[in-house]
Structures are given as C-alpha cells and as structure tokens.
Amino acid sequence: MKEVGHSHGTGNATPRRRLIIAFSITASFFVVEVVGAVITGSLALLVDAAHMLTDVIGLAMAVTAAHLMNRPPTPRYTYGLRRTEVLGALAQATLLLGVGLFALVEGVRRLFEPPEIASGSLLFFGIIGLVANIASLLVLVGGRGQNLNMRAAFLEVVNDALGSVAVIASAILIALFGWYQADAVAGVLIALLIIPRTIILLRASGRMLLESTPRGLDLDEVRRHILELPHVVAVHDLHATQVSTDLPTLSAHVVVDAAATMEDSSALLTKLQECVTEHFAVSIEHSTFQIEPESHPGEHLTHE
C-alpha cells in the first residue's frame, strides 16, 4: 500500500492577523449594540446584537481554527486538528438557529403588541453597528478568497451588515411614520437572513462529520476511470471523504491481472495518483491505493 507523498500539516494559510483585527472590531461593537438594545428596547437591535454575537463567535472560531489547523500531525491526531473547523461550524450553526427562531417568535408577538421605541437612539446604534461591519469587511476583503475559512468569516460579516441596514431602516420608518411594527418586521427579516445560512452550515457540517463523499466528486466516474487503466481488472473498497474543507481524501484497493509486473504496478500507481489529482473536478492530493494481484485472496470477493 502506498500513498501520495505530501504533508497534511498546514493546508492553505489563513491570514490570522486580518481575522484578529476583524474580531476585535466586531467584539467591541457587539458590546455597544447590547447597551443600545437595553436602552431602546428594540427587538431589531437586540436580534442584530445577537447576530453580531454569532459573528464574534464565528470570527473567534475562525481565528482558533486558523491556529489549530496549522498544528502538525501527531501520533494521536494523524491529520492534526483540521476538523476543528467542522466542530466550530456546527456549534455556530446551532447558535444561529436559536437566534433565528427567537427572532421569528418574538417578531410575530411584537407585530400585535409593538412597544414604543426611541427611534433616534435606535438609528444611532444601527449606524454604529453598520460602521463596525464595514470596518471589518475592509479588513477581511483582501483575504476572502484565500480559503473557505476566510470566505465564511467574510460572509458572516456581510450578513450582519445587512442586519444593521434593517435596523437603520426600521428606525427611519418609526421616526417618519410612527410605525413601531417596523422594528418587529426588521427583526423577522434579520431572522430570515440567519436561518437559511444556519441550514447550510448544519448540512455542510453534518455531511463532513458523516464522512460523505466530497461534493462534486462522482465515485462511479472515478471507478470507471480507474478500470480503464492498463492491467486493472477490478476496484473495491473505494472510499472518499473530507477531513476538512481543504483536505479531501480517497483510498481504494486496485486489482491487477496476472500479467502485471512490479514495474507495471509502479507505473500504475503513478497514473492512479495523477488521475485523482488532475482528472476530476475535486483534486484529491491525499490518496492511498493498495494494488493487489488477481490471485490475492483479499476482500475484493466480498466488498465493492
């Protein structure tokens, strides 16, 4: 059995300095929004503060994941701590779901019983929140394409900026028309922004924890391609999964005919590695193949 020579230690580097700056900005303005929600009694501002809390947690997880994912493998954790990214996403999705459901229920209640809200204070704190989000976006925008960790952090702040816009809009409607239900409507709209992202995070985390095949990789196509290579007569125990978003893995037992020599098997191994690295939409750099002679009394008689 042989695998492609490579390292699983670092993957794509995450610019932690950008994340730390964005985290500091967001955490500071989260405190300001909580104070504002208490002063104004605004549901929209409270939900936006809760949403900003998820940003604080999400950015903290991104910073932590960026640090832990760069740790080298050990005998106990042979892939390092790459999967902390998945656990963090699952925790964040659970928190987001709670915030979204609370906002929906409370928003509906306040549509029928709208409290009086100081629109001037609400507008002030909404603008502060938006300024904080814009500052964080400017910090993150340069690194958003480097890896999924950075992209997720960037989208987190974008979504919260939209929430701040909803708070500002509700404050203006209250000030101009005295329509206090605008605050509840804004809270519900923010919730509707949160919940779809929650579902996406939960599904992505669940797929990875259940070790599903990486999205975009067709194992039937992989099997067909392997079977077309010289001397290959069968493929069994073909598995593909992801340790983290940037570390897909694949393993397979490849059965060769009796005419295959050691040189043929060595050449085949090189072709197999090149095949899964270059031929498919998902590039598998971490692949492990076990080449077996057709006469080998192995598992290929009972396993696919």
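Trainee: Where is Ala91 placed?
Mentor: Ala91 sits in helix H3. Please note that the model is predicted.

Trainee: Is Ala91 buried, partly exposed or exposed?
Mentor: Ala91 has 40% relative accessibility, so it counts as partly exposed; that class lies between the buried limit of under 20% and the exposed limit of over 50%.

Trainee: And how far is the C-alpha atom of Ala91 from that of Ile57?
Mentor: The two C-alpha atoms are separated by 9.4 Å. Along the chain, Ala91 and Ile57 are 34 residues apart.

Trainee: Turning to the surface, which residues form the nonpolar patch?
Mentor: Among them are Val108, Phe112, Leu176, Trp179 and Leu192. Together, the patch residues have about 1,100 Å² of accessible area.

Trainee: Which helices supply at least two residues each?
Mentor: They are H3 (84-112), H5 (148-177) and H6 (181-209). H5 gives the most, with 4 residues.

Trainee: What about Trp179, where does it lie?
Mentor: Trp179 is in the loop between H5 and H6. Its relative accessibility is 39%, so Trp179 counts as partly exposed.

Trainee: Now the strands. Is E3 largely enclosed or open?
Mentor: Strand E3 (residues 232-244) is largely enclosed by the rest of the structure, because 10 of its 13 residues are buried.

Trainee: Which way does E3 pair with E4, parallel or antiparallel?
Mentor: The pairing with E4 (residues 247-256) is antiparallel, over 9 bridges. A hairpin of 2 residues joins E3 to E4.

Trainee: Which residue of E4 does Gln242 stand opposite?
Mentor: Gln242 faces Pro248 in E4.

Definitions and conventions: Residues numbered from 1 in each chain as written. Predicted model: local features only at pLDDT ≥ 70, side-chain atom pairs only at ≥ 80, totals over all residues. Heavy atoms only, no water. Buried < 20%, exposed > 50% of the residue type's maximum accessible area, 1.4 Å probe, protein only. Pairing = 2+ DSSP bridges. Patch = residues over 30% accessible without salt bridge, like charges linked within 9 Å, V, L, I, M, F, W, Y side chains within 5 Å. Areas by Shrake-Rupley, 256 points an atom, 1.4 Å probe, with all protein chains shown as cover. Salt bridge = Lys/Arg side-chain N within 4 Å of Asp/Glu carboxyl O.
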